[in-house]
Structure formats: C-alpha cells, structure tokens
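Please look through the protein shown below with me, and take the questions one at a time.

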Amino acid sequence: MAKDLPSQARVVVIGGGVIGCSVAYHLAKRGWKDVLLLERKELTCGTTWHAAGLIGQLRATQNLTRLAVYSAELYDGLEKETGQATGYRRHGSLSVACDAERFEELKRGASMASNCGLDVQVLTPEQAREKYPLIRIDDVVGAVFLPRDGALNPIDVTRALAAGARQGGVRIVEHCKVTGIKTKDGRAVGVTTAEGDVDAEYVVNCAGLWGREVGSWAGVAVPLHAAEHFYVVTEPIPGLPKSLPVLREPGRCIYVKEDAGKLLIGCFEPVAKPWGMNGVPEDFAFGTLPDDIEHFQPHLESAMHRLPILEKAGLQTFFNGPESFTPDDRYLLGEAPELKHFFVAAGFNSIGIQSAGGAGKVLADWIVDGRAPMDLWDVELSRMMPFQVNRKYLHDRTIEGLGLLYAMHWPFRQVESARGVRKSALHDRLAGAGACFGETAGWERANWFAPKGMTPEYEYTYGRQNWFQPSAAEHRACREAVALFDQSSFAKYLVQGRDAERVLNRISAADVATAPGRVVYTQWLNEAGGIEADLTVTRIDETSFLVVTSAASQRRDLDWLKRNTPADALCTATDITSGMATLSLMGPRSRDLLQSLTPDDASNAAFPFGASREIDLAYARVRATRITYVGELGFELYVPAEFVQGVYDAIAAAGGGFGLKHAGYHALNSLRIEKAYRHWGHDIGPEDDPIQAGLSFTVAWDKNGGFIGRDALSARRGKTPSKRLVQFVMESEKPLLYHNEPIWRDGKRVGYLSSGMFGHTLGRAIGLGYVNDPGGVTPEFVLSGKYEIEVARERFPAKAYLKPAYDPTGTRIRN
C-alpha cells in the first residue's frame with residue numbers, strides 16, 4: 001500500500017488509532033478531502049485495540065464534558081452513517097460511594113452535570129442496587145447514575161471513523177512509518193517516511209505512545225509517558241444481565257463492564273508502573289506486557305467485595321497493556337507554540353475512546369478555521385512547560401498520575417510526585433516562615449503559612465480545611481495592615497524595539513501608548529473579541545515594555561505575542577521570568593513600610609495608582625509598580641533574582657513594626673474574589689468578551705490603529721449581552737464554593753460559577769459566574785432576581801452584585 005504514497009497532501013495525520021481516525025473523519029466532514037493518514041503498522045495497534053471502551057460523559061470541567069457529550073452522540077449514529085458496527089450500548093453508568101466525602105464529590109459532580117444538560121440521578125444504596133442487582137450495598141452511602149453513558153468496541157468504532165473518513169475522501173496508508181518532520185520558516189511543511197517524503201500544509205501528531213518522540217523530531221514539547229494498565233475478564237457467568245450499566249467505585253480504584261456475558265474488571269491503582277522508559281520497541285503492535293498478578297490482586301479483591309458473584313467466577317483473561325499519561329491527567333490538544341501548522345492530539349490518560357469524537361472535531365475545526373472553536377485551555381498543549389518532557393520527571397509523575405484518575409478530587413489538592421522543579425530564590429526563606437507549598441507550572445509557590453506549632457501540610461476535606469484559619473489571618477493582615485506575597489512565578493516578557501509600541505497596542509485592547517513609567521491593565525483579544533490573555537503592560541521607556549502575566553500562561557501568552565507580531569516589525573520579545581523575582585507588598589500600611597526602606601518618595605501625590613518606576617531598596621534597584629490584585633493599596637516589586645534575598649530580608653526585618661504578615665496564594669484568591677477581580681482560565685477566556693465580563697472600562701475603543709478583535713467587539717457595543725459576569729455572596733456561612741456550582745434565578749438554572757472562595761472580610765463564600773438569558777442580561781435583570789447556588793444538589797440563597805461587594809468604589813486602592 002505504501003508504494004503508492006503521494007508526494008503531497010494538505011494534511012498529514014500521524015497515527016491510526018481512534019484519535020487519528022477521528023481527526024481525519026472530522027477534516028473530511030469539513031470538506032477537506034486531501035488528507036493523508038499514515039499508520040506505522042495497522043489501525044488501532046498501539047493502545048486503542050485494548051481499551052475498555054467505556055463512554056462516560058461527565059468529565060472534570062464544563063468544556064471537557066461538552067466534548068465527551070459530543071463523542072457519545074457521534075458514536076450513537078456512526079454505525080448507521082458508515083455501515084460499520086461499533087458495538088455501542090447505552091446502558092448507563094453507576095458510581096458508588098462508601099463514605100460521606102466521596103458522596104459529596106459525586107453529588108458535586110452531579111450538580112455540574114446538570115449544567116451541561118446531562119440526565120443524572122443521585123441514588124440511595126437501595127436504588128443503586130435496583131440499577132445493578134449484583135452489588136453489595138451494606139457499606140454504600142449513595143450513588144450517582146447517568147443513564148446515557150455506555151460502552152462500545154474500540155476497534156470497531158475506530159474502523160467506523162476510518163470508514164467515514166475514506167467515504168469523505170481521506171486516504172489511509174498502513175505499514176508506513178513516519179521518520180521525521182519537515183519544517184521551514186517556523187512551520188511544519190511535511191513528513192519524511194521510509195517510503196519517501198510527503199509535503200503538507202499541516203501535520204497532526206496523533207501518535208499516542210510515540211507522541212513525545214514524534215514531537216521531539218520537530219522540537220515540540222509533548223509531555224507524555226506510558227504506564228501499565230491492568231484488567232481481567234471473567235469466564236462466562238450464567239444468567240449475567242446484558243443490560244448492566246458500567247460500574248465504578250473510585251474509592252476502591254475499580255471499574256466493571258459487562259462484556260458478552262462476562263465481566264471486565266479494571267483498576268486505576270494509586271501507585272502505578274511506568275513503562276517504556278527506554279522507548280517503545282520497534283516491533284510493538286497489538287502488544288501486551290507481562291502479567292503482574294500480585295500488583296493487581298488487591299484490586300481484584302476489592303471488586304469481589306463489591307460483587308460477591310466474582311468469588312465463584314473463573315478468570316479467562318489477565319490483560320496488561322500500556323496507556324499514555326500526561327503530567328496533569330488531561331490530554332494534549334492544539335497547535336504547537338514552537339511550530340506553526342504542527343498540531344497535537346495525544347496523551348489521553350485512558351479516556352481516549354470517550355474523548356476521541358470531541359477532540360477530533362475541535363482539532364479539525366481549529367485546523368480549518370485557523371483558531372480554536374471553543375475554550376480549550378483545559379487541554380491546550382501550550383499549558384505545558386518545555387521542562388515537562390524530561391524523562392525522569394515524566395516517569396516519577398506517572399507513578400502517581402494514573403491513580404489520580406480515581407483518587408479523591410479534593411479542592412486544592414496538590415500533586416505529591418516530581419515536586420521541587422522550579423523554586424523562587426526565596427523558597428528556603430519562605431519554608432522557614434512556615435510556608436505550605438503548592439505547585440503550578442512546576443513552580444513551588446507558598447499557598448499558605450502555618451503558624452508556630454502547626455505542620456505545614458494539607459488535611460483535605462470538602463469542608464473547611466486545616467489552613468482555613470491561618471489563611472484567614474493572612475487575608476485580614478492584607479485588609480488591615482500589610483501582607484507580603486512572593487509572586488516570582490509571574491511570567492514576564494521584555495518587549496523591545498522601535499515598533500514595540502505599535503505591536504503591543506495592536507494586540508492590546510487597552511491603550512498602552514502611555515508615557516514611560518505607567519502600567520496598563522489590558523486584555524488580548526482574538527478576532528471574535530474573546531479574551532485570550534489578561535495581563536499588565538508597563539512602559540519602561542520609548543522602546544521597552546514589561547509584560548506580566550500568570551505563571552500558567554507563560555508559554556501560551558508568549559506564543560500569542562509572537563504570532564501577532566508582524567514579520568517586518570522591529571520588535572523582539574524575551575522571556576525574563578527566571579531572571580526577575582516579584583514581591584508584592586499589599587495592604588493599607590504597605591506605603592508606610594515601603595517608605596521606611598527607600599529614600600524615594602512613595603506618597604500618593606508622587607507615586608499615584610498606575611505608576612511604575614525604579615527605586616532604591618536595600619542594596620538593590622527595584623522596579624516598584626503601584627497596582628493591586630487584592631483590592632488594597634499595594635506595590636509589586638520587580639527585583640533581579642540575585643538581589644531579591646537582600647530585598648526580602650530588609651522588608652522582613654522592618655515589617656514587624658507595620659504588622660507585616662506572610663501571605664500565600666489561597667489568601668490572594670480570597671482577597672481578589674471579594675473585589676470581584678477576574679481570573680483568566682476560570683472567569684474569563686476565549687469564549688468571553690470584555691462586555692460580558694464587565695471589563696469594558698479597559699477597552700480603548702477609538703485608539704489609532706485599532707486592536708485585534710475591535711470589529712467584532714464594536715458590533716456588540718451598546719447591545720445587551722446574553723450573559724454577564726456577576727458576583728454572588730452567600731447568605732449563609734455554611735456552604736463553601738469552589739467552581740462549577742449551578743446558579744438558579746427565580747427557580748430557573750441560568751449559569752454556573754466560574755470560581756469560588758470564602759471571603760474572610762465579608763464572612764461568606766463568594767462566587768463569580770455568568771448569568772445567561774437568551775433575551776439579554778441587563779443590570780435590572782440581574783439585580784431583580786432571587787438567586788440560589790446549588791452545592792452538591794442542595795440550593796442555598798445568595799445575593800447578586802454587579803459592583804464588588806467589597807469597596808465598590810475602589811477608594812482603598814487609590815488613596
């Protein structure tokens with residue numbers, strides 16, 4: 001077949017598993033016929049063929065759930081469309097809980113599922129047994145049932161997608177190994193194979209287990225690692241009902257599927273076995289790994305506890321095969337930041353079958369339209385840092401990562417493996433001050449500080465965790481005196497050149513063509529007016545600017561900046577994150593403390609809000625910027641990394657007289673949410689515009705040269721938006737909010753919370769979320785409604801605010 005390999009194709013898809021076939025299928029659906037799919041051996045031979053084939057629709061986030069729901073509906077009609085059977089049966093799924101905390105997690109998930117229109121039922125133990133008569137329920141607390149979940153045959157559904165792709169004009173070539181990626185002028189332009197080169201406009205890496213290797217050929221970081229995944233299949237069980245739902249008991253790490261009169265039992269164990277540290281063998285196809293009955297035995301015994309019928313059932317098959325996992329258990333999707341027209345869909349963490357339909361569709365749309373069709377930040381490749389392809393890092397994280405799929409998804413849960421990768425220069429000093437660190441983008445960041453006599457370790461619960469009171473004290477210090485935050489993980493870019501102003505002003509919705517020494521808060525928008533970034537731009541001099549954004553967006557925002565810099569512009573962008581530390585002094589006494597340490601005038605008249613300048617502090621020259629993310633007077637201090645220890649020591653030594661307290665990111669979150677400050681990735685994103693988000697005040701509508709997204713945004717200016725971001729304050733101090741809780745207005749569900757946290761000044765949990773109405777959401781509509789927030793299927797009254805409930809006029813930050 002490979003002898004007739006074409007020399008050119010519009011798109012080359014690498015990999016013939018369910019993901020690659022779905023991408024090809026959906027490209028054909030968009031009318032792109034000149035698509036070539038290359039498979040090194042045979043379709044499904046990597047990991048697809050041995051998947052359990054579970055189709056669950058409820059995922060960890062709203063957008064991932066949307067994609068999974070699309071997959072389920074696609075598979076429902078695929079056999080009729082293509083003539084290829086899929087074995088798809090929608091008998092539902094049942095998840096059982098044996099303790100109150102796990103049941104709380106399931107109920108919170110059920111509340112989120114209702115936001116997505118899923119049929120979900122919360123059951124008593126007795127009702128759960130009606131759905132699955134074989135289960136033991138004496139220790140079950142409750143269960144959740146999704147009647148439209150199901151299961152299918154992975155090989156057959158892949159063949160159906162391949163058939164649909166071929167019917168749409170796609171060419172699929174098996175036994176043709178891709179050996180390299182051709183690049184030119186910063187973009188992918190084809191592939192090399194054992195049978196010859198193929199030129200292409202786009203290359204898509206759907207190589208599964210080989211995804212990291214294929215990415216490395218192009219210089220693209222694709223962090224994934226294989227792990228052994230185990231399941232057993234019983235001998236036929238007489239009288240076994242064929243309509244049993246898929247059974248999951250996350251607390252025992254097991255899942256069970258009825259399979260042609262037998263039961264398939266698999267597990268996601270807490271200590272996994274990484275595989276393929278030295279690469280995948282050349283001849284690996286439809287491969288299995290050695291048995292490890294001792295490793296699987298405890299989970300088989302757990303299954304026997306839940307299903308006593310297994311005690312008498314013989315085992316027909318013991319299976320062990322590899323699956324690929326990513327550092328955060330979310331798959332990798334999108335265009336590579338390092339290389340234009342090189343797309344990735346890989347690392348599906350054992351949910352490839354249920355994700356393939358949705359992932360294939362949005363990636364095909366992305367390729368055809370030149371932009372993502374929805375907010376895909378949850379799975380975007382650009383969220384990953386380049387260091388995460390490190391082999392030892394991936395190996396060590398994978399040991400934990402597989403089991404996290406079924407572990408408790410506690411609020412604020414931190415990974416425990418592969419830690420200590422990126423540390424602030426102040427890490428040891430903060431540890432000495434009692435810091436309990438969390439991890440973001442590899443950074444160790446102080447989330448909270450333990451007082452003397454308390455161990456700085458998390459004790460997780462869905463209620464008030466052990467850091468609640470220490471963080472409350474940090475919060476109050478910031479409101480009443482002064483708090484010190486280490487925010488060195490901020491991503492920082494130095495943008496320089498004769499055309500720097502023109503470039504940044506075109507990308508930024510706000511006007512950044514200010515005088516030197518001013519900071520501007522702005523959004524970067526896409527052509528549709530959606531928010532791609534939320535950051536600050538500080539003008540240093542006529543040709544230099546400092547751009548500061550979040551740690552998680554470091555790779556993504558720099559890519560956006562570079563992609564939108566014209567090729568002929570005299571403008572460079574340099575990532576200076578590692579060389580520049582950041583300390584934030586925040587609170588009503590921050591000016592007094594700062595003034596005691598510098599001869600420069602920090603008064604309100606000399607140093608107004610929005611000013612940025614270099615000052616003397618300790619033995620260093622420090623850039624002080626008067627801005628805030630907590631709703632108080634404050635200064636961000638940008639310090640060259642080699643000077644920051646001395647600056648910190650001077651602040652700490654002088655701080656006692658001003659009530660200085662160390663503060664972490666949990667306090668930062670509770671402070672910002674009281675002030676209704678938005679957080680990109682939660683409250684705002686590519687599907688939200690500044691009008692809907694209440695950020696129109698940042699937009700320079702009429703500035704010279706315009707800005708990306710202005711036409712789309714201007715068309716909506718003056719019109720009533722169909723959704724509006726609202727702050728909610730709970731009336732009772734009992735419920736805690738995290739995110740995804742449904743919003744009810746006058747008995748009708750109108751949205752869900754994008755973020756939530758307890759506000760220690762207001763004394764209640766606070767949430768931000770969009771209120772939706774097809775007829776338009778006016779301020780009157782928002783404020784006239786009676787609101788409830790649903791938490792774990794129980795509704796609690798809340799009050800809505802369009803202005804911040806804390807300091808609505810903003811006087812505290814400007815005096």
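Predicted model: local features only at pLDDT ≥ 70, side-chain atom pairs only at ≥ 80, totals over all residues.

Q: Why is H1 described as largely enclosed by the rest of the structure?
A: A residue counts as buried under 20% relative accessible area, as exposed over 50%, and as partly exposed in between, with a 1.4 Å probe and protein chains only. Among the buried residues of H1 are Val18, Cys21, Tyr25 and Leu27. H1 is largely enclosed because the number of its 12 residues that are buried is 11.

Q: Which residue of S19 is the bridge partner of glutamate 335?
A: Strands of a sheet pair through backbone hydrogen bonds, either parallel or antiparallel, and two strands are taken to pair if DSSP finds at least two bridges between them. S18 and S19 run antiparallel and are joined by 4 bridges, and they form a hairpin with 6 residues between them, where histidine 341 in the turn has a positive phi of about 65°. In this pairing, glutamate 335 has as its partner in S19 phenylalanine 343.

Q: How many of the residues of strand S19 are buried?
A: Phe342, Val344 and Ala346 point one way from S19, while Phe343 and Ala345 point the other way, and all are buried. Strand S19 (residues 342-346) is therefore mostly covered, the buried count being 5 of 5.

Q: Which strands stand at the edges of the open sheet of 6 strands?
A: The strand order in this sheet, which has mixed pairing, is S30-S31-S32-S29-S23-S33. A strand with a single partner has one side left without a neighbour in the sheet, and so the edges are formed by S30 (612-617) and S33 (660-662).

Q: Which helix gives the largest share of the lining of the second largest pocket?
A: On a 1 Å grid over the protein atoms alone, a pocket is an open set of points with protein on both sides within 12 Å along at least five of seven lines, whereas a cavity is a set where a 1.4 Å probe fits but cannot get out, and lining residues have an atom within 4 Å of a point. The second largest pocket is lined by 38 residues, with Gly370, Arg371, Ala372, Glu532 and Trp560 nearest its centre. Strand S18 (332-335), helix H8 (352-369) and helix H13 (554-563) each supply at least two of the lining residues, and the largest share, 4 residues, comes from H13.

Q: What is the volume of the largest cavity?
A: The structure holds 7 cavities of 30 Å³ or more, and the largest cavity is lined by 16 residues, including Phe412 and Trp467. A volume is the space filled by probe spheres set on the grid points, which are joined across faces, edges and corners. For the largest cavity this space is about 140 Å³.

Notes: Residues numbered from 1 in each chain as written. Heavy atoms only, no water.
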